[in-house]
Amino acid sequence: MTLTISWFLILAAALFSIGVAGVLIRRNALVMFMSIELMLNSVNLTFVAVSRELGLIEGQVAALFVMVVAAAEVTIGLAIIVAVFRRKASANVDELAELRG
Amino acid sequence: MGELIVFIIFATVALVSAIGMVLAKNPVYSAIGLLGAMFSIAVLYVLLDAHFVAAVQVIVYAGAVMTLFLFVIMLIGVDNREAYGPAVPAQRIMTAVVSIGLFAAIVLAGRAAWITGSNAFGTPDLNGTIENVSDELFGTWTVVFLSTVMLLTIAALGTIALAYFGTDVPDEEATL
């Protein structure tokens, strides 16, 4: 049995699905955020694996750009979580219901 | 064969860490699970000859992002009340159906147009060294790279703005 690209793609799909499950099942904003990071990581894994398979370096460059966007997203997202925590003293997303009609 | 063994070990670690991250009640354990998944993914990048991306993965994700997460957990405290509160009836079952269905859909869609390159695995004709990656990054994608600089600056400014202008909100609420 040899290692082929599909192993990496299946692993990335599994990690992405676990991330989706985390966003859906958890109520803590921080853990939901970590699940989003996991999904970004799995997409990066797909990019790098396909880059390796097709012999194109662009996939790795795309992975680097995804990392930059993820870093910016973490900065803003954690700042929002801290701002919400200062206001509501909770990181539970179910308590943010002010916009409910 | 060696590559396959490394892949199986670290893919298992990544999956177990990811599932542990989703299921752990304590956010600190979730952060540790995410850290394990990120380190395993960095090892898989090395396996794919993407050495620079692996280094950046360790430095940026396992270093900076995880430090930021742990810092925020420390700041707002470990809050594990209602870790998976049942906001929607049968939420867990629906989540399981959605995520397993998504996995099956991705795999089935991938099988239809499965990526098959010309190169067998283990013949490195593409080395993701810092030289090759930066040739591409600063050659073809210079403008995009510079716009990510702008993005990071805007993100930092936005964080500062959130930290400054978020303080007087409780007073406004008290007057309502």
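Let's start with one residue, L15(A). Beyond its neighbours within four places in sequence, L15(A) is in contact with L38(A), N41(A), S42(A), A14(B) and A18(B). Contact here means C-beta atoms, placed from the backbone, within 7 Å.

Some ground rules. This is a predicted model, in which local features need pLDDT of at least 70 and side-chain atom pairs count only at pLDDT 80 or more, while totals for chains, interfaces and linings use all residues. Residues are numbered from 1 along each chain as its sequence is written, with chains lettered from A and ligands numbered from 1 in the order in which they are written.

Back to L15(A). In the largest nonpolar core, which has 70 residues, L15(A), L30(A), M34(A), V48(A), Y45(B) and V53(B) touch the most other members. A nonpolar core is a set of buried Ala, Val, Leu, Ile, Met, Phe, Trp, Tyr and Cys residues joined through C-beta atoms within 7 Å. Buried means 20 or more other C-beta atoms within 10 Å of the residue's own; exposed means 12 or fewer; partly exposed is in between.

α1(A) gives the most, 13 residues. Helices are DSSP runs of H or I, at least four residues; strands are runs of E, at least two; both are numbered from the N terminus.

Now chain A as a whole. Three helices, zero strands. The order from the N terminus is α-α-α. The radius of gyration is 17 Å, well over the 13 Å that the globule rule gives for 101 residues, so chain A is more spread out than a compact globule. That radius is taken over C-alpha atoms, and the rule is 2.2 Å times the number of residues to the power 0.38. The C-alpha atoms fill a box of roughly 50 × 25 × 25 Å along the principal axes. Of the 101 residues, 56% count as buried.

Next, the two chains together. The contact takes 76 residues from chain B and 66 from chain A. On the chain B side, the classes are 55 nonpolar, 14 polar and seven charged. Nonpolar covers Ala, Val, Leu, Ile, Met, Phe, Trp, Tyr, Cys and Pro; charged covers Asp, Glu, Lys and Arg; the others, Gly among them, are polar.

α1(A) and α1(B) pack at about 10°, axes 9 Å apart. They are therefore roughly parallel. The residues of this contact divide into 15 nonpolar, one polar and no charged. Axes are lines fitted to C-alpha atoms, for helices over the stretch in contact, and angles run from 0 to 180 degrees between N-to-C directions. Under 35 degrees is roughly parallel, over 145 roughly antiparallel, 65 to 115 roughly perpendicular, the rest oblique.

Within chain B, α2(B) and α3(B) pack at about 175°, axes 8 Å apart. That makes α2(B) roughly antiparallel to α3(B). Here the contact has 20 nonpolar, two polar and no charged residues.

Last stop, a loop. I57(A) lies between α2 and α3 of chain A. Buried or exposed? I57(A) is buried, with 21 other C-beta atoms within 10 Å. Leaving aside neighbours within four places in sequence, I57(A) is in contact with S51(A), L126(B), G128(B), N132(B), V133(B) and E136(B).

Key: Two residues are in contact if their C-beta atoms, placed from the backbone, lie within 7 Å.
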